[in-house]
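Here is a short report on pockets, aromatic pairs and salt bridges. Please look through the sequence and the model first.

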Amino acid sequence: MKSLSHINEEGNAAMVDVSDKTSSARVAIASGSVTFPASVFQTLSDQDFLGKKGSILQTAVIAGIQGVKKTAELIPLCHQINLTKIHLDIAPGDNQFQITCTVKCNGKTGVEMEALTGVSIAALTIYDMCKALSQDIVISSVRLEQKKGGKNDFQR
């Protein structure tokens, strides 16, 4: 039977002890989307996705990378991880941006929270840069697509 890994025997929050685990190559991929009203997305597209604050997509990529690097500071029970690769891709689609974040490390714990944080921060940055045009922007479908390298690999 599965149990919550971040709750100890007394029912209190606890960081998982990974000291006895062996290091392995780990990778996680997460995705999400930011959807706009059609007229707003058309306006953004007509402006080559440039806003008053600069390139919407490049700013979101940089923010997502920063978010990945700060995951342990943002999520209390996450371990600090020595990351080896972060790749954030933001692709325009049908009135939306599709965000994908891939994170790699060689370590004792996985990087799925880092990948999910990267997608979330990139999406929030897009929202922030575009909110002057509309508050009817929807961030959705933030989810883990894949994780490899631990004892519980996952593929959507």
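## Second largest pocket

The lining of the second largest pocket splits into 7 nonpolar, 2 polar and 4 charged residues. Here Ala, Val, Leu, Ile, Met, Phe, Trp, Tyr, Cys and Pro count as nonpolar, Asp, Glu, Lys and Arg as charged, and the others, Gly among them, as polar. The lining has 13 residues, and Gly-51, Lys-52, Met-129, Ala-132 and Leu-133 lie nearest the centre. A pocket is an open set of points on a 1 Å grid over the protein atoms alone, where a 1.4 Å probe fits, with protein on both sides within 12 Å along at least five of seven lines; lining residues have an atom within 4 Å of a point.

The volume of this second largest pocket is about 190 Å³. Volume means the space filled by probe spheres set on the points, with grid points joined across faces, edges and corners. β2 and α4 each supply at least two lining residues. The largest share, 3 residues, comes from α4. Helices (H or I, at least four residues) and strands (E, at least two) are DSSP runs, numbered from the N terminus.

## Basis of the model

This is a predicted model: local features need pLDDT of at least 70, side-chain atom pairs count only at pLDDT 80 or more, and totals for chains, interfaces and linings use all residues. Residues are numbered from 1 along each chain as its sequence is written, and side-chain values use heavy atoms, with hydrogens and water left out.

## Largest pocket

The largest pocket has a volume of about 830 Å³. It is lined by 22 residues, and Ser-5, His-6, Lys-21, Glu-112 and Asn-152 are the closest to its centre. Helix α4 (residues 112–130) gives the most to this lining, with 3 residues. By class, the lining holds 7 nonpolar, 8 polar and 7 charged residues.

## Aromatic pairs

The model has 5 aromatic pairs. Rings of Phe, Tyr and Trp (its six-membered ring) pair if their centres lie within 6.5 Å; planes under 30 degrees apart count as stacked, over 60 as edge-to-face and the rest as tilted. The ring centres of Phe-41 and Phe-49 are 5.5 Å apart with planes at 50°, so this pair is tilted. Both residues are buried (buried: under 20% relative accessible area; exposed: over 50%; partly exposed: in between; 1.4 Å probe, protein chains only).

Phe-49 and Phe-97 have ring centres 5.1 Å apart and planes at 70°, so they pair edge-to-face. Phe-49 sits in the loop between α1 (38–46) and β2 (50–51), and Phe-97 in strand β5 (residues 96–107), so the pair ties together parts 48 residues apart in sequence. The relative accessible area of Phe-49 is 13%. Phe-97 is buried at 0%. Phe-36, Phe-41, Phe-49 and Phe-97 form one aromatic cluster.

## Salt bridges

There are 4 salt bridges, each a side-chain nitrogen of Lys or Arg within 4 Å of a carboxyl oxygen of Asp or Glu. Lys-131 bridges to Asp-128, with the closest N and O atoms 2.4 Å apart. Lys-131 is partly exposed at 35%. Asp-128 is partly exposed at 31%. In the bridge of Glu-73 with Lys-70, the closest N and O atoms are 3.8 Å apart. Glu-73 is exposed at 58%.

Arg-156 pairs with Glu-145, the closest N and O atoms being 3.9 Å apart. Arg-156 lies in the segment after β7 (154–155) and Glu-145 in strand β6 (residues 138–148), so this bridge ties together parts 11 residues apart in sequence. Arg-156 is partly exposed at 48%, whereas Glu-145 is buried at 18%. Salt bridges with shared partners join Arg-143, Glu-145 and Arg-156 into one network.
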